[in-house]
Amino acid sequence: MIPYLARLLGITMNYNAYPGNWKKAIVLPIYKVRDRSVFGNYRPVSLTSVFCKQMEHVTSGYLRQIWEMSGWLSVGQHGFRPEYSCESQVVTVCQDIANSLDNGVRSDVITPVFSKVFDLVPHDRLITKIVATGVDLRVGVWVKKFLLGRSQRVRVDRQLSEKVRVTSGVPQGSALGSLVLHTYVNDICKNIEFKIRLFADDGIIYRKIMDSSHTDNLQMDLNKLGKWAVENEMKINPGKSKAVGFPKARVKE
């Protein structure tokens, strides 16, 4: 199958011939937490063409290679990268805070939660950011074809909903969707002084607090984060976002 798949990818990449069936998805609602009767408590996972997923894997591999070689990805991004994981994100944060406590320094930690990032990402802005990373223009066009003109239907048991158009966001459960989301949130760290550790759209931000000026700086950085969210059409969920302070620990003599 490999020679045929390689030829198919070449055709879709070089001739802008993207099969329409690849843009159709069946969405399965996966239960997360709390009341099962509330649709917001389900995560939508898109089932798409198996052949399209193979092409997504090839494209994802190329994008990772370009971004890692150029050093474009933020050092704080731990999602979907070689030798990085949610575990590396947690271990790094815990070690940084433990070092501060050992040195008798207070740390303030904020966990901002973005609402429905996979659904809200505007396609035009996302494509612009991907092309700006220096990837081959044909790949940028392929990703654009992948995102635009999609449709989906929801399946519950054996019942299917009416087909609806998808005008924003990236498909959850796709091989490419989570990776291109990196492109969209990567510049979150621009002009921000605090440490930030990301896993896709989930983030932890923190800094050492030595005096009141550091608290003011942290607030200014949070204001910049809010401005970034507005400019990029994202929404921060204040109900799920948390703030935690780790007070000074007594230094052992």
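A crossing of two helices is called left-handed if the near helix is turned anticlockwise from the far one by less than a right angle, and right-handed if it is turned clockwise. In this predicted model, local features need pLDDT of at least 70 and side-chain atom pairs count only at pLDDT 80 or more, while totals for chains, interfaces and linings use all residues. Residues are numbered from 1 along each chain as its sequence is written, and side-chain values use heavy atoms, with hydrogens and water left out.

The crossing of α2 and α7 is left-handed. Two packed helices are described by the angle between their axes and the distance between the axes. For helix α2 (residues 50-70) and α7, the axes come within 10 Å and cross at roughly 30°, where axes are lines fitted to C-alpha atoms, for helices over the stretch in contact, and angles run from 0 to 180 degrees between N-to-C directions. Ser60, Leu63, Arg64 and Trp67 of α2 meet Leu179, Val180, His182 and Thr183 of α7, contact being defined as heavy atoms within 4.5 Å. Helices (H or I, at least four residues) and strands (E, at least two) are DSSP runs, numbered from the N terminus.

The helix α7 (177-185) is also one of the elements against which the buried residues of α8 pack, the others being β3, α5 (123-131) and β8. Those buried residues are His214, Leu218, Asp221, Leu225, Trp228 and Ala229, where buried means under 20% relative accessible area, exposed over 50%, and partly exposed in between (1.4 Å probe, protein chains only). Because they cover an arc of only 100° around the axis, they lie on the same side of α8, the arc being that of the directions from the helix axis to the C-beta atoms. On the other side of α8, Ser212, Lys227 and Val230 are exposed.

Within α8 (residues 212-231) sits Asp221, which has a relative accessible area of 2% and is therefore buried. Leaving aside residues up to four places away in sequence, Asp221 touches Asn191, Ile192, Glu193, Phe194 and Arg207.

Strand β3 (residues 106-111) and strand β8 (residues 202-209) run antiparallel and are joined by five bridges, pairing being assigned if DSSP finds at least two bridges between two strands. β3 also pairs with strand β9 (residues 242-246), again in the antiparallel sense and over five bridges, and there Ser107 has Phe246 as its bridge partner.
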